[in-house]
Amino acid sequence: MVYRSETFLAEGGVGGTFRSPVATAENISFSPLEWQVVQLARQDSLATLREPGRWTRLQRLIFGQKPDPRLADKRLEALRQIAVEAWHRSYDVHSRRISAFRSAGFTEAHLERLLAAIAAMRGSPKVRSFA
């Protein structure tokens, strides 16, 4: 009887099929622009995830135009929306946001990495005061 280890089989050894390396949260990363979107999402409220309603349109008419936090790029907007929700609700992200995130081209490993990074940064203060 021959002993065949998992690494031998994973490297395409006899009797096994070649398995590609599994994408884990440790070896998946975002681009600097995507990390910047995540940091900008920290300042956004949950209200920015909804379409502007009548009250918001009335406020804009009376008080002037507020900058729209939504991004033009659909991939970055999906990242911003899930990051906003993660900043406010931690791991309790709505399934609709997860499906939009995945349809934008991100993987499950991207989601894990994003949620873990936000959970680690949530304890840090938004603004440091040296006064």
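In helix α2, Leu33, Glu34, Val37, Val38 and Ala41 meet Arg75, Leu76, Leu79, Arg80, Ala83, Val84 and Trp87 of helix α4, where contact means heavy atoms within 4.5 Å. By class, this contact of α2 with α4 has nine nonpolar, no polar and three charged residues; Ala, Val, Leu, Ile, Met, Phe, Trp, Tyr, Cys and Pro count as nonpolar, Asp, Glu, Lys and Arg as charged, and the others, Gly among them, as polar.

The model is predicted: local features need pLDDT of at least 70 and side-chain atom pairs count only at pLDDT 80 or more, while totals for chains, interfaces and linings use all residues. Residues are numbered from 1 along each chain as its sequence is written, and side-chain values use heavy atoms, with hydrogens and water left out.

Two packed helices are described by the angle between their axes and the distance between the axes. The values for two pairs are as follows.

| Helix pair | Angle | Axis distance |
|---|---|---|
| α2 (residues 32–41) and α4 (residues 74–89) | about 40 degrees | 8 Å |
| α5 (residues 95–103) and α6 (residues 108–121) | about 120 degrees | 10 Å |

Helices (H or I, at least four residues) are DSSP runs, numbered from the N terminus. Axes are lines fitted to C-alpha atoms, for helices over the stretch in contact, and angles run from 0 to 180 degrees between N-to-C directions.

The angle makes α5 oblique to α6. Angles under 35 degrees count as roughly parallel, over 145 as roughly antiparallel, 65 to 115 as roughly perpendicular and the rest as oblique. α5 passes α6 in a right-handed crossing, meaning that the near helix is turned clockwise from the far one by less than a right angle. Ile98, Phe101 and Arg102 of α5 make the contact with Glu108, His110, Leu111 and Leu114 of α6. Its classes are four nonpolar, one polar and two charged residues.

α2 and α4 are likewise oblique to each other, and α2 passes α4 in a right-handed crossing.

Glutamate 34 is placed in helix α2. Its relative accessible area is 8%, so glutamate 34 is buried (under 20%; exposed is over 50%, partly exposed in between, with a 1.4 Å probe and protein chains only). The side chains of glutamate 34 and arginine 75 are joined by a polar contact of 3.3 Å, that is, a pair of N or O atoms within 3.5 Å; within protein, one must be able to donate a hydrogen and the other to accept it, and residues adjacent in sequence count only if both atoms are side-chain atoms. Leaving aside residues up to four places away in sequence, glutamate 34 touches Arg75, Leu76, Leu79 and Phe106.

Glutamine 81 lies in helix α4 and is buried, with a relative accessible area of 18%.

Technical notes. Helix = DSSP H or I, 4+ residues; strand = E, 2+ residues; numbered from the N terminus.
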